[in-house]
Amino acid sequence: MDFSTVVAERFSCKKFDGTKMVETEKLTAILEAGRLAPTAKNLQEQRIYVMKSPEALAKIDEVTPCRYGAPLALVVAFDATNVYTYPGGKRNSGVEDAAIVATHMMLAAKNEGIDSCWLNNFNPDKLKDLMGLSENEEILMVLDLGYAAEDAPKPLNHGNRKSLSETITFM
């Protein structure tokens, strides 16, 4: 699929056909796109958890009402002890690197014909505890993946975008 088409057609799916599973080869392509994403100093601190068993999905459901029937979800986390700290020491690359990885996977999913929804309506510390992650891992987000239900609408505000002149400043 053409990249411009992927970007234009991707939407936050909020109703999945929970009976149609994501094929292994498509999931592999999605995960590979995340693996190839750039990270600061190429530290590759991302940790991706593929949640597809009923037990794993129950953990997602315990922390958010927003799985929307997706047959699998990716939990995107990062190792907070393996991040680049910017000059001045006020911030590090963990969140942004994990966000780049997640975005690569989200767009790769659309390219593979898989719908997605970026979830941030949950308590990451509670999910971390439920998953039994190590102390040094921080969860950024959950990415629902699957095939949209036939009657899944695009969000009403999907096409609402500010013009470039409202968001871009040339200096």
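Reply: One begins with a definition: a residue is called buried if its relative accessible area is under 20%, and exposed if that area is over 50%. Please keep in mind that this model is predicted.

Me: Which residues of H4 are buried?

Reply: In helix H4, the buried residues are Gly94, Asp97, Ala98, Val101, Ala102, Met105, Met106, Ala108, Ala109 and Lys110. Their cover includes helix H1 (3–9), H2, and the strands S1, S2, S3 (115–119) and S4.

Me: What span should the 18 residues of H4 have?

Reply: At 1.5 Å a residue, H4 should span 26 Å, and this agrees with its end C-alpha atoms, which are 26 Å apart. Just after H4, glycine 113 has a positive phi of about 85 degrees.

Me: How does one read the faces of a helix?

Reply: An α-helix has 3.6 residues a turn, so residues three or four places apart point the same way. In H2, the buried residues are Leu27, Ile30, Ala33 and Gly34. Seen down the axis of H2, these buried residues fall within an arc of 120 degrees, so they line one face of the helix. Thr24 and Glu25, on the other side of H2, are exposed.

Me: What covers the buried residues of H2?

Reply: The cover includes strand S1 (46–51), strand S2 (72–79), helix H4 (94–111) and strand S4 (137–146).

Me: Which residues make a nonpolar surface patch?

Reply: Leu164, Ile168 and Phe170 make such a patch, of about 400 Å². Isoleucine 168 lies in the segment after helix H6 (164–167) and is partly exposed, with a relative accessible area of 40%.

Terms used
Residues numbered from 1 in each chain as written. Predicted model: local features only at pLDDT ≥ 70, side-chain atom pairs only at ≥ 80, totals over all residues. Heavy atoms only, no water. Patch = residues over 30% accessible without salt bridge, like charges linked within 9 Å, V, L, I, M, F, W, Y side chains within 5 Å. Areas by Shrake-Rupley, 256 points an atom, 1.4 Å probe, with all protein chains shown as cover. Salt bridge = Lys/Arg side-chain N within 4 Å of Asp/Glu carboxyl O. Helix = DSSP H or I, 4+ residues; strand = E, 2+ residues; numbered from the N terminus. Buried < 20%, exposed > 50% of the residue type's maximum accessible area, 1.4 Å probe, protein only. Arc of directions from axis to C-beta. Contact = heavy atoms within 4.5 Å. Expected span 1.5 Å × (residues − 1).
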